[in-house]
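Reader: Could you take me through this model by question and answer, giving each criterion where it is needed?

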Amino acid sequence: MNRTAPRPFSLLAEVTHRCPLHCPYCSNPLQLAPSRGELATEDWKRVLVQAAELGVLHVGFSGGEPLQRPDLAQLVAAAREAGLYSNLITSSLGLSRQRLEELKRAGLDSIQISFQSDEAALADRIAGVSAHEKKLQAARLVREFDFPLTINAVLHRGNIGRLEQIISLAESLGAERLELANTQYYGWAFKNRGALLPSREEIERAVEIAGAAKKRLLGKMELLFVVPDYYSDRPKPCMNGWGQKHITVNPIGEVLPCPTAHEIPSLRFDNVREKSLAWIWRESEAFNRFRGTEWMPDPCRSCEFREVDFGGCRCQAALITGDAAVTDPACQFSPQREVLTRFVESSQDGRTEFSDGGRELVFRQNAGG
Amino acid sequence: MQLPPSDMRPKLSSRARLQTDKVTGKPIVLYPEGVLMLNPTGHAIVSLCTGEATFEQMVAKLAARYKISAQEISPQVAEYLNRLRERNLLETRDGSENGK
């Protein structure tokens, strides 16, 4: 039990797993939630009010593709009424003028659109569907409606060489924020990691390009570069610590300390249909399991960085080592770091390219009804 | 610290929202993926970023409120506005669309 749980700041509302795209780097679980199990409108409204009461300030409506839910504007209105700053995290497929009008009226604050690349042929190959042109149109509409626009591009072997062009695209669309997110290897991305991971040289070049662009665009476009931890010496401070700032609610109402916590098979998640969000945040086993530093084994326990990176990512520890309670193997001090290093090397030996047709990739498929 | 043009009219960006925090009762600015917790001085400055007052008028108002000279307070105001601008939270109107 943890009576002194900190204040959460953000809620990720994964309102559906349904999605028109088939990106092979999707971080949704391989077992996607069927639509018949999704939370009802009233459930989500209750969750939003409870989140605001707990101290949450930001809500991201995500998925899957949140526009697949016809009640999205109602949920946005409920978020606004609760005082939350809302962000729509979307592929933009289905973002018509009518939908934008609805969302504007409901009080939506900002919109984030994913782009797979800067040009249609490659982008559509990655998405597994013809989407790029529609995204360009939607992005222009978003600016016409005067929504702040964030562009998110997930980087991997297939598009990291297009980084400069992707940055130019974001500028030309009038984006105010650009997230260049190297693929994080969970869910479908983990399944495909051998075909997605770039080389060290590609990463170093990308870091240079992103760094220069960040300086050049200061005050015009905010640029965030998410580093790939497979090539890092230090693990990422995942979620700023387990159960410290963030809450994810998935389509069927389970409450997760991070969007990919389903990668840890031993965790059981409480559901907003049965418990209040405040109880789950403060008392639930899942949120307390890795909260703070008590759970840490060595080398984390005695490490000077334990309050800096919090032992890294629990899901990654589980995926790579089979034990969620060990040091993130991305850390140079992890006894299992060599497992990751060996994987990185093997993924670059005789590697396949997207230009070969991506035949090694497993594209995301939706769950049935 | 170089001062901005005295006729610049800072306006809080449409991507930002000033509101009262439910938990602390204190003023905050929300923007995509971020939040600024404002101290009383920050709140006074942000409240004047309406696109109406010029930098010179803002400084005069703040100087009167805090009973110090305009000369003394203007670098601090400029510094604060610059921090807002770097976070892309400010539209500055001085005829040219500077900072946007």
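Author: A crossing is called left-handed if the near helix is turned anticlockwise from the far one by less than a right angle, and right-handed if clockwise. The model is predicted, so local features need pLDDT of at least 70 and side-chain atom pairs count only at pLDDT 80 or more, while totals for chains, interfaces and linings use all residues. Residues are numbered from 1 along each chain as its sequence is written, and chains are lettered from A and ligands numbered from 1 in the order in which they are written.

Reader: What is the handedness of the crossing of α1(A) and α2(A)?

Author: Helices (H or I, at least four residues) and strands (E, at least two) are DSSP runs numbered from the N terminus, and axes are lines fitted to C-alpha atoms, for helices over the stretch in contact, with angles from 0 to 180 degrees between N-to-C directions. The axes of α1 (residues 41-54) and α2 (residues 72-81) of chain A come within 9 Å and cross at roughly 20°. This makes α1(A) and α2(A) roughly parallel, where angles under 35 degrees count as roughly parallel, over 145 as roughly antiparallel, 65 to 115 as roughly perpendicular and the rest as oblique. The handedness of the crossing of α1(A) and α2(A) is right-handed.

Reader: Which residues of α2(A) make the contact with α1(A)?

Author: Two residues are in contact if their C-beta atoms, placed from the backbone, lie within 7 Å. From α1(A) the contact takes A:T41, A:W44, A:K45 and A:L48, and from α2(A) it takes A:Q74, A:L75, A:A78 and A:A79.

Reader: Which residues of α9(A) make the contact with α6(A)?

Author: Helix α6 (residues 163-172) and helix α9 (residues 200-216) of chain A pack at an angle of about 25°, with their axes 10 Å apart, which means that α6(A) is roughly parallel to α9(A). Their crossing is right-handed. The contact is made by A:L163, A:E164 and A:I167 of α6(A) and, from α9(A), by A:A206, A:I209, A:A210 and A:A213.

Reader: What is omega for the cis peptide bond from A:D298 to A:P299?

Author: A:P299 is placed in the loop between α11 (285-288) and α12 (314-321) of chain A. The peptide bond that leads from A:D298 to A:P299 is cis, and its omega is near 10°.

Reader: Is B:N88 buried or exposed?

Author: B:N88 is in the loop between α3 and β5 (90-94) of chain B, and, although not a glycine, B:N88 has a positive phi of about 65°. Because 23 other C-beta atoms lie within 10 Å, B:N88 is buried.

Reader: Which elements of chain B give two or more residues to the side that touches chain A?

Author: The contact takes 17 residues from chain A and 13 residues from chain B. On the side of chain B that touches chain A, the elements that give two or more residues are β2 (17-20) and α3 (70-86).

Methods
Buried ≥ 20, exposed ≤ 12 C-beta atoms within 10 Å, placed from the backbone.
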